Amino acid sequence: MKTNDKKPTRKELPAEGTEVTGSEALIFSLMKEDVGTIFGYPGGAIMPVYDALFDYRDRINHILVRHEQGAAHAAESYAKILGKPGVVMVTSGPGATNLITGLANAMIDSVPMVAFSGQVPSGLLGTDAFQETDVMGITMPVTKWNYQITKADEIPEIVAKAFYIASTGRPGPVMIDITKDAQFGKMKWHYEKCRKIRSYFPYPKVQMDKVEEAAHLINKAKKPLLIAGQGVLISNAQKELMQLVTRADIPVTTTLLGLSSFPADHPLYVGMPGMHGNMAPNIKTNECDLLIAIGMRFDDRITGRLDDYATQAKIIHFEIDHSEIGKNVPTDVAIVADARDALTKLLPLVKENDHKEWVESFRKEYDNEYRKVIRPARESRGDDIKMDEVVHMISEKTDGQAIVVTDVGQHQMVVARNYRFKQSRSFVTSGGLGTMGFGLPAAVGAKVARPDRMVIGFTGDGGFQMTIQELGTIAQHKLPVKMVLLNNSFLGMVRQWQDMFFDKRYSFTELANPEFTKIASEGYGIASKFIKKREDLESAVEEMLAHKGPYLLEVKVMKEQNVFPMVPAGASVSNMVTE
């Protein structure tokens, strides 16, 4: 029998004051922080920690990825689904540098993550030793905090700080680099959770005068519109959001990262705003008299041309990070606080209201979009399958109840537009960084986080090949992830821009692809199916959803389909093109 097959003897945490190694202290510290899963890849500089983990693998589940970037994306997805920090562990040098994309992605998308890297012994720092890199210098711009541990007795305190910083206020990734001698060193075991850090105030106190101003504007508004961002999910303010909008009868639009914070089948839900969003919220942004933004940062993909964005409206901005206030869009009332805390204080001041005519105007715009764009894309009758009809069918077959993960590109926008989320914390994607290759490892993290829920990962043929090796992770850990590969043999979003703005000069965007289903089935033992005919789509989707294990469904879709509506770069959000 292989050593790894032996079930470890369950060990408990040591008594306070017991002498332990730094590596053991790290594992015990993670247990104190209720870490149940680590996504990682071992190597020489982190080997002492992995040796300590071996005796506690019944307490902490370790997911062996195939690339460190995959570990970071899996941890991000895990964190988004559960609302707690994802944990990553890698070795020094390339192990740490391979995390950079994931750290940058987590930073811009405000995802709590704690990453640990091994490092050469402290005596060799700065000597260009084997697999030494300046992890602190490299990761400083893409982390909320980073720290290099050189002594064993630092480990518990720094780990406690790392989890506190990563998960409080505006969440983000933290990087901890641990020298090898600190891992081998001895210390007296003691752990105390971090509750406060001098000069760090993650939760600003709600200013009631600002809340009262906001309530006044909401109560007198005739045409209010509310944009819900990911901050609603981070603060668990979904209930308070629902109470506010139903009481004041306010239409709700959700950003890409805010999807699933508000049920798509609710009468007040009016779709997604932005470059590939729905026409109604975009057009009405420039008609409303009050724009309420909660937990979002007015990024360029939402606003379009800034000098023509909601200039007629009063703007209330709920945001925990003061640096986001007024950064892009001038704010009339800024409430710098945790969204849930602020909404709780706002609710008693908001009166019941009725904006029936205003709400109905959104439906008219949606009907117009449905006739021009949505129905033709979902109900295609040509030879080629369109992405929209695949996503719409899966949304219907799952009743909007699945956890959906996407990669980045055209399919990402198609999923955001067509999947009707009915359950909170059900959508994971790369927003601010737009990281191709995110989807497959993120599906791993989502399934590990919620093994009880169906996880469907949508990807394109470009992004899929960037992290295709994570099929090995899925196979080894027997994760029943459903993967939908929408294959158009192009880098689709880049091709769309080349089509629309570069005279159809398709410069290096067409892909010569392998047989993906053969790689999955023959290479990894994962059930798979390839279809290209519409009459095969429904049965293939049903087969995938019914299958007990992991499944790859590859759908050959229209090669040159463009995603509409679209706000061209530099245009106003109310000037969307539909063809």
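Me: How many bridges join E6 to strand E7, and in which sense do the two run?

Reply: Two strands count as paired if DSSP finds at least two bridges between them. Strands (E, at least two residues) and helices (H or I, at least four) are DSSP runs, numbered from the N terminus. Here, in a predicted model, where local features need pLDDT of at least 70, side-chain atom pairs count only at pLDDT 80 or more, and totals for chains, interfaces and linings use all residues, E6 and E7 (residues 173-179) run parallel and are joined by 5 bridges. Tyr147 has Ile176 in E7 as its bridge partner. Residues are numbered from 1 along each chain as its sequence is written, and side-chain values use heavy atoms, with hydrogens and water left out.

Me: What is the strand order of the open sheet of 6 strands?

Reply: The order is E3-E2-E4-E5-E7-E6, with parallel pairing. Strand E3 (61-64) and strand E6 (145-149) are the edge strands, each pairing on one side only. From one strand to the next the twist averages 20 degrees.

Me: Which helix lies across E6 and E7, and at what angle to E6 does it run?

Reply: Axes are lines fitted to C-alpha atoms, for helices over the stretch in contact (heavy atoms within 4.5 Å). Angles run from 0 to 180 degrees between N-to-C directions. Helix H7 (residues 155-167) lies across strand E4 (86-90), strand E5 (113-119), E6 and E7, at about 170 degrees to E6.

Me: Is strand E12 mostly covered or uncovered?

Reply: A residue is buried under 20% relative accessible area, exposed over 50%, and partly exposed in between (1.4 Å probe, protein chains only). Strand E12 (residues 314-318) is mostly covered, with 4 of its 5 residues buried. E12 pairs with strand E11 (residues 290-294) in the parallel sense over 5 bridges, and Ile316 in E12 stands opposite Ile292. E12 also runs parallel to strand E13 (residues 333-335), joined by 3 bridges; there Phe318 has Ile335 as its bridge partner.

Me: Why does Cys288 count as buried?

Reply: Cys288 counts as buried because its relative accessibility is 1%. Cys194, at 15%, also counts as buried.

Me: How is the protein divided into domains?

Reply: Domain bounds come from an automatic or database domain assignment. The protein has domain 1 (19-188), domain 2 (208-361) and domain 3 (385-556). The C-alpha centres of domain 1 and domain 3 lie 29 Å apart, and their contact takes 25 residues from domain 1 and 26 residues from domain 3.
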